[in-house]
Amino acid sequence: MKKAIGLALALALAAGTASAEGKLALYNWGDYINPLILKKFSEETGIEVSLDTYSSNEEMLAKIQAGATGYDLVFPSVHMHDIMMKLGLLEKTDINLSPDFKNIDPATFRSHEDPGAEYCLPYAFGTVGVFYNEDITGPITGWADFFDIPGKTGGKITILDDMREVMAVGMFMTGHSINSTDPDEVQEAADYILSKKPAVSAFTYESPALLLSGDIAAAHFFVGGHVYFTEKPNIKYVIPKEGATLYQEDMCMLKSAPHKEEAKRFMEFYLRPEIAALNVDQQFNGSANVPARDLVADYIKTNPNITLAPETLERVQTFVDLGKALKLYDRAWNTIRTAQ
Amino acid sequence: MALRRQSLVLSALLAPVTIFLGIFFLVPLGIIAVYSVLSPGLYGGVEWSFYHWNYGRIFGWADGIEEVFEPVYLKILLRSLGFGALTVILCLMLCYPVAFWVARLPERARLFFLFLVALPFFSSLIVRLYAWLLILKPSGILNETLLALGLIRAPLEILFTPAAVVLGMVYVMVPFMFLPLYAAIDNLDREMVEASMDLGASRRQTFFKVVLPQTLPGIIGGAVIVFIPSVGNFVVPDVLGGAKGLMVGNLVEQQFLSARNWPFGSALSMLIMAVVLVVLLVATARARKAGGQA
């Protein structure tokens, strides 16, 4: 439902008194960029920035495919970055040739279609795991513990209303890749989730507020949820031991972008460590910008769940496009959501 | 001459609405109808080849390779129809007596009451549903109040259950039921009711032979207006039901977005429209019959 609200939010940030040299239109996920960055960019360049938001990759793709023009930069997840490359929707920016590009961690070049970052700039990444109220649940180390919470403590749990994320949990628990296209493996994962459905109170994105009020004991959620719990030491986050997904979004220029020059300037602006750090401080996730990682708040720098160690990165998986096999997942998902 | 002029004026007056409906209703409907028999593009959109499995998938006629028949879709449709029907019945039970009461209020009080009925439209549906989420959750206002009054010992588990979905649907739909009912009841011929009583009919007989037939068009009108959006509603089940029971509205949304299968989404939309059309035809026939009797 972030959808409906996010969609209606069209934030126009005027550049103050500076002469409007140009304009720039961003199309990003809701609450996924620090407004301060846009303000600083406008102040420095005189470029007027507008921001529209979406709540899923598919929503953005459908809109662009339907012919929406006027947007310059979009922020697809890695697998959507690949799809948009295949569909020829993205513009080559040569951002990898910019002097400050040396700041970018090559480990974040996760796109298969754009392995050298000639088109898009790796933007931000983070894990999807479990937030839990330790007072109720005790220590939680993984998905098995998570699904046991209702039976053991009477506390409630919620999982994300997201097909790929939920199916990924099933894949971890049955020992398969989250990108498996084998019908039997998809079925096994779905069966696992189905067996746990009675324990799940809801499929929702609205869990942080419910966790804060004590109405649920644990929730499947993005690492960025930390922002809600900085004052709550009893609410903890775990990257489940059986496996977790790593999301990453990249900043991409559309082929149909009306303000290509301004868009490139913004990408270069975002290469600066102090600018990227501003985003991390507000988003509580990982940055592709290596020097920026030292400039962020201590809470983030010292939190191994936000600032990921190399061994953590080795055990997380990132979604790739499933192509035709998406249908298998869709069928499984419909069955999961319909089962009583 | 005069007649020709009249018909010219009439055409001129009707032209805007005809053109409007033609462009914004028939053209999209045509697109959906055509898309529903095409094959899905890999990344959304359609491929221009005839493909009947979209309907086959729903009704049990699939090749088993490209598409598999799954009764789950019919189940989802039936469930949505059931929720729609339940919403209609509950709205009717709530609104019918209240409409009688309001119709008897003095003019000013009546206008004020009608204003209250329309009041929810001044704020967004999403915001109002989140308010319900806050009311219904275990630590919410409802449970806190009942606990404080000593009426319950433990918080009621309403949020994220089908009961919360029905409650939310009824809440959203009540004004749509109330207004046509009120219009019908306000127009009720009271003298006929009095005549019926004077002539020795019991209260029960008067209700079933005089009041009900006269208000039936309002009931049918309200029922249709409530039923159609209830069947397609997906916001209420998502927010208050915890997205645990898939409704046909969710299914269509999902096909156009996460499943990237526009043709199947179109086929499902056509199916909903067909069902709604049948309901509408039956309802109009009944209303006409009822109108003839009165």
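Q: Into which domains is chain A divided?
A: Chain A consists of domain 1 (2–123 + 248–303) and domain 2 (126–245 + 316–338); such bounds come from an automatic or database domain assignment. The model is predicted: local features need pLDDT of at least 70, side-chain atom pairs count only at pLDDT 80 or more, and totals for chains, interfaces and linings use all residues. Residues are numbered from 1 along each chain as its sequence is written, while chains are lettered from A and ligands numbered from 1 in the order in which they are written.

Q: How many residues does the contact take from domain 1 and from domain 2 of chain A?
A: The contact takes 14 residues from domain 1 of chain A and eleven residues from domain 2 of chain A, where two residues are in contact if their C-beta atoms, placed from the backbone, lie within 7 Å. On the side of domain 1 of chain A that touches domain 2 of chain A, helix α4 (residues 78–86) of chain A gives the most, with four residues. Helices (H or I, at least four residues) and strands (E, at least two) are DSSP runs, numbered from the N terminus.

Q: Why are α7(A) and α8(A) called roughly perpendicular?
A: Helix α7 (residues 163–174) of chain A and helix α8 (residues 183–196) of chain A pack at an angle of about 100 degrees. Axes are lines fitted to C-alpha atoms, for helices over the stretch in contact, and angles run from 0 to 180 degrees between N-to-C directions. Angles under 35 degrees count as roughly parallel, over 145 as roughly antiparallel, 65 to 115 as roughly perpendicular and the rest as oblique. Therefore α7(A) and α8(A) are roughly perpendicular to each other.

Q: What makes α8(B) and α9(B) roughly antiparallel?
A: Helix α8 (residues 190–198) of chain B and helix α9 (residues 203–232) of chain B pack at an angle of about 150 degrees, with their axes 10 Å apart. The pair α8(B) and α9(B) is therefore roughly antiparallel. Met192(B), Val193(B), Ser196(B) and Met197(B) of α8(B) make the contact with Thr206(B), Lys209(B), Val210(B) and Val211(B) of α9(B).

Q: Which classes make up the contact of α8(B) with α9(B)?
A: This contact has five nonpolar, two polar and one charged residues. Ala, Val, Leu, Ile, Met, Phe, Trp, Tyr, Cys and Pro count as nonpolar, Asp, Glu, Lys and Arg as charged, and the others, Gly among them, as polar.

Q: Which element gives the most to the side of chain A that touches chain B?
A: The contact takes 30 residues from chain A and 26 residues from chain B. On the chain A side, α14(A) gives the most, with seven residues.
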